[in-house]
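Colleague: I am new to this structure and would like a close look at a single part of it. Please take me through that part slowly, and then show me what else there is to see.

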Amino acid sequence: MYTKDFEVRWSDIDANRHLANSAFVNFMSHTRLAFLMELGFNQKTMVDYKIGPVAFYEHMYYFKEAFLGNNIKVSLEIKGLSEDGKFFEFYHDFYNDKGENIARCEMMGAWINLKSRKLTGLAEELLSKFSNIEKADGFRVLTKEDTRRFLKIPKNI
């Protein structure tokens, strides 16, 4: 399991004086990008391959509050990956300094080709970077159908 540590700052709290929803999202994004960078998916690599990660959804579940000055640990586990690496599913858990699980997020996303603006699988040399990574319990191979499991369809005005 990959983890990243954070301290709750003044800018991370909301009107209720606890960790704001937007801060949870920012902490997760930072954790994901740090994880990807350690795998070799840095800015140069993404520019060279003309790819970028996109989020389809982030489902948050809150269990306990966190406050200004608290230390937070955010985990990342790979819950799913398509055979071509196009689709990925990550789970994040948030822990306070007592080790209590204060929130969880289920996140699904994909890679987009920044030139064509279409979803794309990963080049073999990038996909291979995921092969030796520890997978979460219940890991599964994702398909396009998995991205549609919540059946949310755009409704234009």
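How do the residues of the lining of the largest pocket divide into nonpolar, polar and charged?

Modeller: This is a predicted model. The lining of the largest pocket divides into five nonpolar, two polar and two charged residues. The residues that line this pocket are F56, Y57, H59, T147, R148, F150, L151, K152 and I153. The space in the largest pocket comes to about 230 Å³.

The C-alpha trace spans about 45 × 45 × 30 Å along its principal axes. A compact globule of 157 residues would have a radius of gyration near 15 Å, and the protein has 17 Å, which agrees. Of the 157 residues, 41% count as buried.

Aromatic rings are a further feature to follow. The count comes to ten aromatic pairs, taking ring centres within 6.5 Å as the rule. One of them joins F24 and F94: the ring centres are 4.9 Å apart and the planes are at 70°, so this pair is edge-to-face. F24 lies in helix 1 (residues 21–39) and F94 in strand 4 (residues 87–95), so the pair ties together parts that are 70 residues apart in sequence. F24 and F94 are both buried.

Another pair is F41 with F130. Their ring centres lie 5.6 Å apart with the planes at 55°, so the pair is tilted. F41 belongs to the loop between helix 1 and helix 2 (43–49), and F130 to the loop between helix 3 (124–127) and strand 7 (135–142), so this pair ties together parts that are 89 residues apart in sequence. Both F41 and F130 are buried. These two residues also belong to a cluster linked by ring pairs, whose members are Y2, F35, F41, F88, F90, W111 and F130.

The charged end of K135 sits over the ring of F139, at 5.7 Å from the ring centre.

Methods: Residues numbered from 1 in each chain as written. Predicted model: local features only at pLDDT ≥ 70, side-chain atom pairs only at ≥ 80, totals over all residues. Heavy atoms only, no water. 1 Å grid on protein atoms, 1.4 Å probe; cavity = no way out; pocket = protein on both sides within 12 Å on 5 of 7 lines; lining within 4 Å. Points joined across faces, edges and corners; volume = space filled by probe spheres on them. Nonpolar A, V, L, I, M, F, W, Y, C, P; charged D, E, K, R; others polar. Phe/Tyr/Trp six-rings, centres within 6.5 Å; stacked < 30°, edge-to-face > 60°. Helix = DSSP H or I, 4+ residues; strand = E, 2+ residues; numbered from the N terminus. Buried < 20%, exposed > 50% of the residue type's maximum accessible area, 1.4 Å probe, protein only. Lys NZ or Arg CZ within 6 Å of the ring centre and 35° of its normal. Rg over C-alpha atoms; globule rule 2.2 N^0.38 Å.
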